[in-house]
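Colleague: I have a model open and would like to learn how to read it. Can you take me through it feature by feature?

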Amino acid sequence: MPRPRRVAPSHGRGPYTQTSVCTNGCLCEDVFVSVSSAALTPAAKAEIWTDLSSRAGTRGLASGRTLPVTPLLSSLFPDGGLRRGAVVSITGSLGLACLAVAAATRAGSWCAAVGLPELGPVAAAELGVDLTRFPFVPTPGRSWSTVVAVLADGCDVVLFRPERAVASGPDITRIAARIRQRGSVLVVAGSWPGAELRLEVERRRWSGLGAGHGHLATRRLEVTVEGRGVAARSRRFTVPIEGSPQDWVDGSAGVSTTVVCTGEPSPAPAAVS
Amino acid sequence: MHRRAFAGTGGRVVSTERTLVVWCPDWPITAAGLGPEYAVVSAGQRVVACSPLARSEGVRRGHRLREAQARCPQLLTAEHDPAREARVFEPIMAAVETLSPVVEIVRPGLLATPTRGPSRYFGGDGALVQQLRTVLAPIPLAQEVGIGLADGRFAATQAARLDLIVPSGQTVDFLADRSIGELDRPDLCNLLLRLGIRTLGQLAALPEVSMAGRFGPDGVEAHRLARGLDARPLVARCPPPDLAVTIELDEPISRADQVAFVAKASADSLVERLEAGALACTSLAVELETEYGEGHRRQWRHDVKFTAAAMVDRVRWQLDGWVGGGGGPFASGRAPTSGVVRLLLEPVEVAPDDGRQAQLWGGETDADRRAARALARVQALLGFDAVTTAVLSGGRRPGDRALVLPWGESLPVDIAGTGPGQAPPPWPGHHPAPTPTAVLPTPVPVIVLDGGRQPVVVTERGELTAVPALLIMGSRQHAIAQWSNPWLIDERWWDSASHVRQADLQLVTDDGTAWLATHQRGQWALTARYD
């Protein structure tokens, strides 16, 4: 799990102060964040940390080389997160694309969704996206490359679905250069020539429905990951998506939320958590 | 309410100007049309204003709505709508403007005006107040106003609550007995109370130097208010004229949101120029002029400083008020007859910016500003409606559960109380999680057949007539592997225009795609896809 950079120790004062939120309930004029480690479970601590850092807008979490990604998907990304300046192409599942950007929005980064007129905001929120930092540009039209370039300037992540197949050309090189220069991430819900990382959903299996009863509950996606450089070998994963985003944050849920690597290199299927 | 002059024992002569404040108690309640009943106005889940009856039952501002309802079960509630309050306040503003040329609105329900000129014209403070009461008498919503006159706006506001005129020079004595809670700074007041300072007189007795060291700029401001001075020293009384921003439009615009969009860019540039000079604007004059020469000028005041969003809000409220609320016996409230061609934003009062924001938490960060600039550029490229943002709200069908607004419109206050990590409250009858990722903008008509290639329909009772086996989408056929029992939705049966009666069905085809199919009046259509 990508650990946030620890700035606030559990007791005492320090130079990072300035909040009047005091979990022990006392109002102090030298205000400081006091999180007593004995009283809180890891899940609550992680929640407080994400909540505070998102409200303070610290770029401490996001100014590193990678943007955070949910622990559920961290084994799919060779860098442990979304690498800044890279293009990630996710085909076959909009839900997986939303899941990939969800943790980044919660950590304070903005993510613009371009060219996704039918994306349901409720589904995005259920997958953990913070809707206050998730604006939509449903129909960019013919000037999609300008729009994507402008948004890559301002937002840390751009989630884009091209209307028709994208061919290599000046548009692509311009966008790639802008992204590398600004350190943004482009997540394409489709194919993109020259993407550093490609996630393809080959099969999805839904469970929860029967023959005339039940309702859709969980899905298992079989994802093939290919890429350049570190991710050159293609590996296959099975990603179960169930439960709520809180279970995925601290990874304390049971076996059902582990991502199982079922492809090469090891011949026997290994459980990666 | 009758007025009386305050007899004090004399005090220092101060150099603040005499101000008259008109205060309408509980204006949000009055504007919402809730009369003398048990009523509150809430923003999100917090009470913003309560009526006197509700206050007698123990409801206070800042309570959660549930707590208020527990204290007073027969409570009526209304949503906080600043635009409506500004609109309904228009006749009172117009009435006061007939007596005094410069009227400043602090917020709907509270306005201030300097009285040096009008007082001299009408022959004294008492005569001015009398004239004002006569002028406000015919307005139905202005029956309970309090009018106060004192040196300085803060003292005049306190006087308005007691409905009296404080003679010149006796402001300090008048303020000495007021409690510290009148400063409206909860954190500082809590701290001062625990340190033993309960009245403004005790606060004024503290040395000024130690206030700055101990409590920061907030404390210095509070100390100045307690001593009867203006909160900020009036350094730049006349800001340099080139700070004003004029926008000339080629074509007249008559819609408030379009005018607000045009004003946004100028407000942004004005705020940037102010910030470059380390200035904060505390009083803004907005002037609108239409094609036929009708003008409307209003002065707005902000407690801390005007941000660009706050400026745009005031422009919108002013236009709404001018167009919609111009009723009443005063000719200056006549509605415009053509579109707006000229907009002027002029900072009337600026003060050195000491870096405070209106909120401690949740203010704009650097990332928020960068993203806002990029989105504004995309809006300029593609149009105002091209960039949208979504807020979770309540509803049954997947398409109803989110409210989609154009970017830049102020979001309605928390509809479902959602924030990061918070689940919206339950809405009876909605589909269980997970929600479909892709809601098709136009439903795709399909045909559902059973094993014997006969159409399958949903009966009145919500049962399928046969076991569905085949889904035909255009020219493609898919076998249906799993399906659910249909959910019946019958909404708004009382309104034949918006009556919806349909049955929803989840189904999974053999290639693993899950769809939400809707059966309405014998026809099937796919409305959403689970991705």
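Colleague: How many salt bridges are there over all chains?

Modeller: Start with the idea. Side chains of opposite charge can pair when their charged atoms come close. In this predicted model, the count over all chains comes to 35 salt bridges.

Colleague: Show me one. Which residue forms a salt bridge with A:E222?

Modeller: A:R205 is the partner, and the closest N and O atoms of the pair are 3.1 Å apart. Now place both ends. A:E222 sits in strand β9 of chain A and A:R205 in strand β8 of chain A, so the pair ties together parts 17 residues apart in sequence.

Colleague: Now the interface. What area is buried between chain A and chain B?

Modeller: The size of an interface is often given as the accessible area lost when the parts come together. Between chain A and chain B, that area is about 4,700 Å². Carbon and sulfur atoms give 62% of it. As for residues, 54 of chain A are in contact with 53 of chain B.

Colleague: How many salt bridges are found across the interface of chain A and chain B?

Modeller: One. B:R370 pairs with A:D156, with the closest N and O atoms 3.7 Å apart. Polar contacts are counted separately: eleven residue pairs between chain A and chain B, both residues at pLDDT 80 or more.

Colleague: Which elements of chain A each supply at least two residues of the side that touches chain B?

Modeller: Helices α1 (42–56), α2 (94–106), α3 (121–126) and α4 (144–154) do, along with strands β5 (136–137), β8 (197–209) and β9 (214–227). The largest share, six residues, comes from α4(A). By class, this side of chain A has 26 nonpolar, 18 polar and ten charged residues.

Colleague: What classes of residue make up the lining of the second largest cavity?

Modeller: Seven are nonpolar, three are polar and none is charged. Among the lining residues are B:S100, B:T113 and B:T115.

Colleague: Last, the backbone. Is phi of B:D26 positive or negative?

Modeller: Know the background first. Most residues other than glycine have a negative phi. B:D26 has a positive phi, near 55°. Look for B:D26 in the loop between β1 (18–23) and α1 (27–31) of chain B.

Colleague: And where is B:D184?

Modeller: B:D184 is in the loop between α8 (171–176) and α9 (186–194) of chain B. Phi of B:D184 is positive too, with a value near 65°.

Conventions
Residues numbered from 1 in each chain as written. Chains lettered and ligands numbered in written order. Predicted model: local features only at pLDDT ≥ 70, side-chain atom pairs only at ≥ 80, totals over all residues. Heavy atoms only, no water. Contact = heavy atoms within 4.5 Å. Buried area = accessible area lost by both parts, 1.4 Å probe. Salt bridge = Lys/Arg side-chain N within 4 Å of Asp/Glu carboxyl O. Polar contact = N/O pair within 3.5 Å; in protein donor to acceptor, adjacent residues only side chain to side chain. Helix = DSSP H or I, 4+ residues; strand = E, 2+ residues; numbered from the N terminus. Nonpolar A, V, L, I, M, F, W, Y, C, P; charged D, E, K, R; others polar. 1 Å grid on protein atoms, 1.4 Å probe; cavity = no way out; pocket = protein on both sides within 12 Å on 5 of 7 lines; lining within 4 Å.
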